[in-house]
Amino acid sequence: MFTITRRELNMTSTDIEKAEALRKEVRAWLDENLPEKWGTPEYVAPERLSPEAQELGTSFQKRLYDAGYTGFNVAKEYGGVERPAWETAIIREELARRGTPPGPTSIGPLMVIGTLLAWGSEEQKKRFIPKILSGEEAWCEGFSEPNAGSDLANVQTTAVRDGDEWVVNGQKCWTSAWRFAHWSLLVTKTDPNAPRHRNLSYFIFPTDTPGFSRGPLKQMSGESEFGEMFFDDMRIPHENMIGEEGRGWYVAMSTLQSERGGGVGGGAGMMGLGIRSLGGVNNLIELARNTKRYGKSFWDDKNFRHRIVQFAIENEATRNSGTRMAIAMRKRTATGNEVSIRKNSQAERRKAQGDMVMEIIGAYSQLMRGDPRAVDNGTQVYNMLRARGATIEMGTSEINRNIIAERILGLPRD
Ligand SMILES: Cc1cc2nc3c(=O)[nH]c(=O)nc-3n(C[C@H](O)[C@H](O)[C@H](O)COP(=O)(O)OP(=O)(O)OC[C@H]3O[C@@H](n4cnc5c(N)ncnc54)[C@H](O)[C@@H]3O)c2cc1C
């Protein structure tokens with residue numbers, strides 16, 4: 001049940017032995033390279049989003065890259081690792097099965113690579129993509145503003161041309177991975193008189209540029225995964241514009257499609273989704289089996305078991321769509337607006353899982369990390385709270401439903 005099928009991956013029977021050898025190789029590599037006691041109750045993870053967590057995630061990404069276990073779907077000339085689909089599926093499956101140290105390096109593979117492949121110059125692709133894949137350079141995404149979230153076209157941050165440079169003023173907010181990012185994407189208004197969608201330009205800039213500052217924003221999960229960015233006469237050379245002047249809206253749409261589709265080049269990308277979602281089902285089953293109310297475990301309750309089964313069925317449907325989309329991306333057939341289907345079903349699954357977990361743990365859902373009685377040291381509660389964010393980031397569920405309704409189903413706008 002855990003394994004992506006041969007048919008999905010177009011494998012011949014002669015590949016099977018090689019596949020098993022690769023699976024063993026990856027498992028041995030993970031035993032060697034994961035932190036000591038990883039995956040056991042004794043493992044103490046560094047505080048999420050701390051410098052230690054960042055360091056662990058970054059160094060692990062570099063080792064993955066050096067081993068050839070990440071960087072898929074990107075051409076060799078841009079630092080990518082070219083492998084047959086079945087090999088990448090096995091690697092991703094094994095990485096997702098064990099879980100790997102997280103680090104705020106995901107924006108690069110999720111958004112930046114896809115954007116640069118579509119719009120970047122040769123020089124930009126060669127300069128930036130390898131360092132994203134190896135985890136050496138972390139990125140963030142400066143799109144949203146206080147009055148430009150769903151309505152991204154309404155950005156008020158301006159960039160004014162001055163010779164070979166652009167002078168940027170304004171503010172961005174809800175910027176994920178803001179703290180450790182070396183570079184950022186940026187959407188600005190460059191022509192106040194041009195019509196909507198034709199007035200924006202898209203840039204990249206290093207976060208040590210004079211005139212740039214950043215700070216935290218506190219989330220309901222208690223952390224500051226996202227923050228704010230401020231621009232005070234910050235100068236960007238013209239060569240850092242991605243795409244043409246006034247065409248930033250279209251570049252931004254590529255970024256969002258890349259993000260909603262799961263990006264390219266990452267380690268445990270879309271092919272790993274099945275394992276992660278089955279991990280979710282296993283988590284529910286384990287909690288239901290081990291948690292009693294009125295003397296009976298949740299698992300003994302037939303209705304609750306049915307709900308877990310229904311959850312598993314919907315996860316499987318999400319997994320299949322994810323796999324179909326990953327194969328389409330690999331074949332370079334456009335995925336376009338369909339990525340909104342994947343984005344929404346994944347986000348809604350996360351939320352549904354969090355809600356069911358809270359039902360099971362009941363009053364313990366009040367206890368967060370650090371409290372000795374918190375279930376799984378608060379991870380379950382954290383996951384539930386963070387799942388809300390998944391229905392907002394990358395475009396809210398409502399916005400993605402609008403895209404599905406109008407652009408896939410062809411329903412009228414009103
Ligand atoms: C965890 C997290 C990480 C994020 N990371 C980043 C990041 O790295 N970079 C970045 O730039 N932004 C980021 N964001 C911001 C995110 O993109 C915006 O929050 C999102 O686009 C919604 O915008 P908003 O918050 O302004 O809500 P609004 O746009 O004000 O929406 C409010 C409500 O109205 C609904 N609504 C709005 N317009 C419509 C419509 N046309 N039809 C139907 N319903 C509508 C929305 O669905 C929502 O329920 C992040 C957000 C979260 C939660």
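Leaving aside its neighbours within four places in sequence, which residues is W183 in contact with?

**View 1. W183 and the residues around it.** W183 touches E137, W139, I204, F205, P206 and T207, once its neighbours within four places in sequence are set aside. Here two residues are in contact if their C-beta atoms, placed from the backbone, lie within 7 Å. You'll find W183 in strand 4, residues 183-189. Strands are DSSP runs of E with at least two residues, helices are runs of H or I with at least four, and both are numbered from the N terminus. W183 counts as buried because 22 other C-beta atoms lie within 10 Å. The cut-offs go like this: a residue is buried with 20 or more other C-beta atoms within 10 Å of its own, exposed with 12 or fewer, and partly exposed in between, with C-beta atoms placed from the backbone.

The model is predicted, so local features need pLDDT of at least 70 and side-chain atom pairs count only at pLDDT 80 or more, while totals for chains, interfaces and linings use all residues. Residue numbers start from 1 along each chain as its sequence is written.

**View 2. The shell around the ligand.** There are 19 residues surrounding the ligand, and the closest are F143, G149, S150, G389 and T396. Sorted by type, the shell has six nonpolar, nine polar and four charged residues. In that count, Ala, Val, Leu, Ile, Met, Phe, Trp, Tyr, Cys and Pro are nonpolar, Asp, Glu, Lys and Arg are charged, and the others, Gly among them, are polar. Domain 2 (139-247) and domain 3 (269-408) each supply at least three residues of the shell; the domain bounds come from an automatic or database domain assignment.

**View 3. Helix 6 and its buried face.** Helix 6 runs over residues 122-133, and its 12 residues reach 17 Å from first C-alpha to last, close to the 16 Å expected at 1.5 Å a residue. That expected span is 1.5 Å times one less than the number of residues. F128, I129, I132 and L133 are buried in helix 6. Looking down the axis of helix 6, the buried residues fall within an arc of 125°, so they line one face of the helix. The arc is taken from the directions from the helix axis to the C-beta atoms. Why can a helix have a face like that? An α-helix has 3.6 residues a turn, so residues three or four places apart point the same way. Covering the buried residues of helix 6 are, among others, helix 3 (51-67), helix 5 (107-119) and strand 1 (139-142). Just after helix 6, G135 has a positive phi of about 80°.

View 4. Buried in helix 11 are Q380, V381, M384 and A387. Seen down the axis of helix 11, these buried residues fall within an arc of 120°, so they line one face of the helix. They pack against helix 10.

**View 5. Two loop residues with a positive phi.** Most residues other than glycine have a negative phi. L49 isn't a glycine, yet its phi is positive, about 70°. L49 sits in the loop between helix 2 (15-33) and helix 3, and is partly exposed, with 18 C-beta neighbours inside 10 Å. D376 isn't a glycine either, and has a positive phi of about 50°. Look for D376 in the loop between helix 10 (339-361) and helix 11 (379-390); with 16 other C-beta atoms within 10 Å, D376 is partly exposed.

**View 6. T100 in its loop.** T100 lies in the loop between helix 4 (85-98) and helix 5. T100 is buried, with 22 other C-beta atoms within 10 Å. T100 and L34 are 66 residues apart in sequence and 7.3 Å apart in space, C-alpha to C-alpha.

How values were computed:
A residue is near a molecule or strand if its C-beta atom, placed from the backbone, lies within 6 Å of it.
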